Amino acid sequence: MSVKFEKETIKDTTNVRGGKHDIAHSVGEVLTGGKGQTGYLAAYLQQLQKNPLRTKMLTSGSLAALQELLASWIAHDRTKHGHYFSPRIPKMAIYGAFISAPLGHVLISILQKVFAGRTSLKAKILQIIVSNLIVSPIQNVVYLSSMAVIAGAREFHQVRATVRAGFLPVMRVSWITSPLALAFAQQFLPEHAWVPFFNIVAFLIGTYINSHTKKKRLAALRKKVCFLPILRMR
């Protein structure tokens, strides 16, 4: 009786653990597709191969809009109506879909074609250098120009001033993150997944920078409002 009881206990425990494992395994298969390649990630990668530009445009547009919304929520930056959905969100979606994604698609495709078939360590390092000296500056100039227009700049000198003021700070961030992201993509990702991966990296960094900028702007506005009564009394 004792032996039988112990066996049944062990069997029951195994079933409980197996159930948890089966749930985790099932979730993983839904996301990645498992052996059948039918999950969300597998379907997304298939779309990247079949319709690369369209998929990248949808991805970049969605991430750009989500970045603006998330940064506003983190910084508690509400509109005058008290919500976080500002006019900047659809503009960021347009920028991501129709400017950032096509530009990244073309530049990364050229970079991959130039270094196609070259898998040596020297070639990978050279690819990172070319990306940082040519690809990143072009993308950052376009990004800063677009942000200036979204912020209300309508004349060339306003856009140029924004680019001059923000170029070096943005490039410093790129020089830190871009080599790491590109090295990771070279080692672990298929080439058609590079641009969405870079979009995700840019989304995380951009959300942090955007929310930090919003917090500083709101703090400056509060400080200005606090000092106005004092100035009027004088």
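Author: Begin with how helix axes are drawn: an axis is a line fitted to C-alpha atoms, over the stretch in contact, and angles run from 0 to 180 degrees between N-to-C directions. Keep in mind that this is a predicted model.

Reader: How is a pair of packed helices described?

Author: Two packed helices are described by the angle between their axes and the distance between the axes. Here α3 and α4 pack at an angle of about 145°, and their axes are 7 Å apart. The crossing of α3 past α4 is right-handed.

Reader: Which residues of α3 and α4 make the contact?

Author: From α3 they include P52, L53, K56, M57 and S60. From α4 they include R88, I89, M92, A93 and H105. By class, the residues of this contact of α3 with α4 are 13 nonpolar, six polar and three charged.

Reader: What does H105 touch, leaving out residues up to four places away in sequence?

Author: H105, which lies in helix α4, touches P52, L53, K56 and V195. H105 and W194 are 89 residues apart in sequence, yet 9.4 Å apart in space, C-alpha to C-alpha.

Reader: What is there to note in the loop between α3 and α4?

Author: H76 lies in that loop. The phi of H76 is near 60°, a positive value in a residue other than glycine.

Reader: At what angle do α4 and α5 pack, and how far apart are their axes?

Author: Helix α4 covers residues 88–114 and helix α5 covers residues 121–150; the angle is about 160° and the axes are 11 Å apart. Angles over 145 degrees count as roughly antiparallel, so α4 is roughly antiparallel to α5. The crossing of α4 past α5 is right-handed.

Reader: Which residues meet there, in α4 and in α5?

Author: Among them are Y95, I99, L103, L107 and L111 in α4, and V135, I138, V142, Y143 and M147 in α5. The contact of α4 with α5 has 14 nonpolar, six polar and two charged residues.

Reader: Now the gaps. How does one find empty space in a model?

Author: Rolling a probe the size of a water molecule over the atoms shows where empty space is left. In this model the largest pocket holds about 1500 Å³ of space. It is lined by 49 residues, and N140, Y143, V170, A202 and G206 are the closest to its centre.

Reader: Which helix gives the most to the lining of the largest pocket?

Author: That is α7, with 13 residues. At least two residues of this lining come from each of α3 (52–75), α4, α5, α6 (156–188) and α7 (194–233). The lining of the largest pocket divides into 26 nonpolar, 18 polar and five charged residues.

Reader: How much space lies in the second largest pocket, and which residues lie nearest its centre?

Author: The second largest pocket has about 220 Å³ of space. Its lining has 14 residues, and F115, R118, Q127, E191 and W194 lie nearest the centre. The largest share, three residues, comes from α5.

Reader: How does the lining of the second largest pocket divide by class?

Author: Six of its residues are nonpolar, five are polar and three are charged. Two of the residues named along the way return here: W194, which lies 9.4 Å from H105, C-alpha to C-alpha, is among those nearest the centre of the second largest pocket. Y143, part of the contact of α4 with α5, is among those closest to the centre of the largest pocket.

Note on methods
Residues are numbered from 1 along each chain as its sequence is written. This is a predicted model: local features need pLDDT of at least 70, side-chain atom pairs count only at pLDDT 80 or more; totals for chains, interfaces and linings use all residues. Side-chain values use heavy atoms; hydrogens and water are left out. Helices (H or I, at least four residues) and strands (E, at least two) are DSSP runs, numbered from the N terminus. Angles under 35 degrees count as roughly parallel, over 145 as roughly antiparallel, 65 to 115 as roughly perpendicular and the rest as oblique. A crossing is left-handed if the near helix is turned anticlockwise from the far one by less than a right angle, and right-handed if clockwise. Contact means heavy atoms within 4.5 Å. Ala, Val, Leu, Ile, Met, Phe, Trp, Tyr, Cys and Pro count as nonpolar, Asp, Glu, Lys and Arg as charged, and the others, Gly among them, as polar. On a 1 Å grid over the protein atoms alone, a cavity is a set of points where a 1.4 Å probe fits but cannot get out, and a pocket is an open set with protein on both sides within 12 Å along at least five of seven lines; lining residues have an atom within 4 Å of a point. Grid points are joined across faces, edges and corners, and a volume is the space filled by probe spheres set on the points.
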